[in-house]
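This briefing looks at the overall build of a protein chain and then at one of its sheets. Please keep the sequence and the coordinates at hand while reading.

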Amino acid sequence: MGYRIKELSDGFWKIMDHRGNTAYLIQGERKTLLVDTAMDDEPIVPIIRTLTDKPVILALTHMHLDHMYRCDEFDKVHVHEMDIADWKNGLGKIMQLSFPLFKVKPKRFHADKFVPLYDDSEIDLGGFAVKCLRVSGHTRGSVLFIDSRHRAVLCGDAAGLSMWLFLPYCTDVSTYKQNLENAEQALSPYKSYSFYRGHSEPEGMPPEPLSIQTFTDMRMLCEKLLAGTADIKRIDRFRWLPLFYTKNASAGMVVRKGKIK
Ligand SMILES: [Zn+2]
């Protein structure tokens with residue numbers, strides 16, 4: 001139980017809950033940005049207060065419980081407008097019903113706390129601003145946060161070796177592919193940055209590869225899926241839902257057939 005903290009560089013921390021869900025804290029000259037809240041039973045604000053005394057802004061990579069569970073500790077929750085729209089349109093209800101699935105205590109989230117981020121939003125921390133880049137796929141409003149001070153790109157669940165593209169309110173493969181193409185372009189100035197995931201590997205496991213190349217590998221995987229040439233394997237994660245896993249180099253996807261269009 002409890003959190004583990006790792007200082008990644010001066011004024012930049014990774015905060016992991018006991019389930020491996022990962023939040024990041026970025027300190028500016030005037031303010032601090034918390035990206036995601038993880039999903040611990042214990043509050044996260046007291047942990048943040050051991051690291052910084054500056055005002056804290058909370059922003060979410062997307063609105064899934066394992067990234068937002070502790071957001072009730074904040075007055076405002078910055079999140080992309082498309083996730084807010086979907087939240088009000090049914091995603092919120094699904095999340096409120098998902099507490100038993102995640103084995104966490106139920107709580108209420110208040111939609112009036114959600115402050116929209118847009119495609120071109122920047123969050124000024126004093127001395128530098130963190131940029132948003134939307135990559136619709138895992139959710140429509142999934143956002144990467146680009147931090148030029150610490151040369152970091154925080155990716156949430158937008159890409160990786162087990163990207164989930166089967167949940168309600170995720171996009172289809174074609175939409176995701178278009179967004180990946182856009183991300184490849186938009187990320188090209190940040191090729192040499194470190195890319196971080198929204199979940200940590202279990203202790204002792206090597207880190208999963210994640211870089212701008214992952215977005216290219218994933219775009220190519222989408223192309224193969226759409227062309228019917230991807231190698232897909234049935235997996236047994238949820239008995240009641242037929243899911244498939246497919247992989248290309250540093251990118252992998254858990255998908256259901258209805259999304260391959
Ligand atoms: Zn997610």
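Two strands are taken to pair if DSSP finds at least two bridges between them, and the strand order given below rests on that criterion. The model is predicted. In this model, the protein chain has six helices and 16 strands, and its radius of gyration of 18 Å is close to the 18 Å that the globule rule gives for 261 residues, so the chain is as compact as a globular protein of that length.

**Overall build**

- Among the 261 residues of the protein chain, 44% count as buried.
- Of the contacts in the protein chain with a separation of 6 or more, 63% are accounted for by residues 24 or more positions apart.

**The five-stranded open sheet**

- Strands of a sheet pair through backbone hydrogen bonds, and this can happen in a parallel or an antiparallel manner.
- In the open sheet of five strands, the order is β8-β9-β10-β11-β13, and the pairing is mixed.
- The edges are taken by β8 (122-124) and β13 (194-196), each of which has a single partner strand, so one side of each is left without a neighbour in the sheet.
- On average, and with direction ignored, neighbouring strands of this sheet are turned by 20° against each other.

**The pairing of β11 with β13**

- Strand β11 (residues 152-154) and β13 run parallel and are joined by three bridges.
- Alanine 152 has serine 194 in β13 as its bridge partner.

Terms used. Residues are numbered from 1 along each chain as its sequence is written. This is a predicted model: local features need pLDDT of at least 70, side-chain atom pairs count only at pLDDT 80 or more; totals for chains, interfaces and linings use all residues. Helices (H or I, at least four residues) and strands (E, at least two) are DSSP runs, numbered from the N terminus. The radius of gyration is taken over C-alpha atoms; the globule rule is 2.2 Å times the number of residues to the power 0.38. A residue is buried if 20 or more other C-beta atoms lie within 10 Å of its own, exposed if 12 or fewer, and partly exposed in between; C-beta atoms are placed from the backbone. Two residues are in contact if their C-beta atoms, placed from the backbone, lie within 7 Å. Axes are lines fitted to C-alpha atoms, for helices over the stretch in contact, and angles run from 0 to 180 degrees between N-to-C directions.
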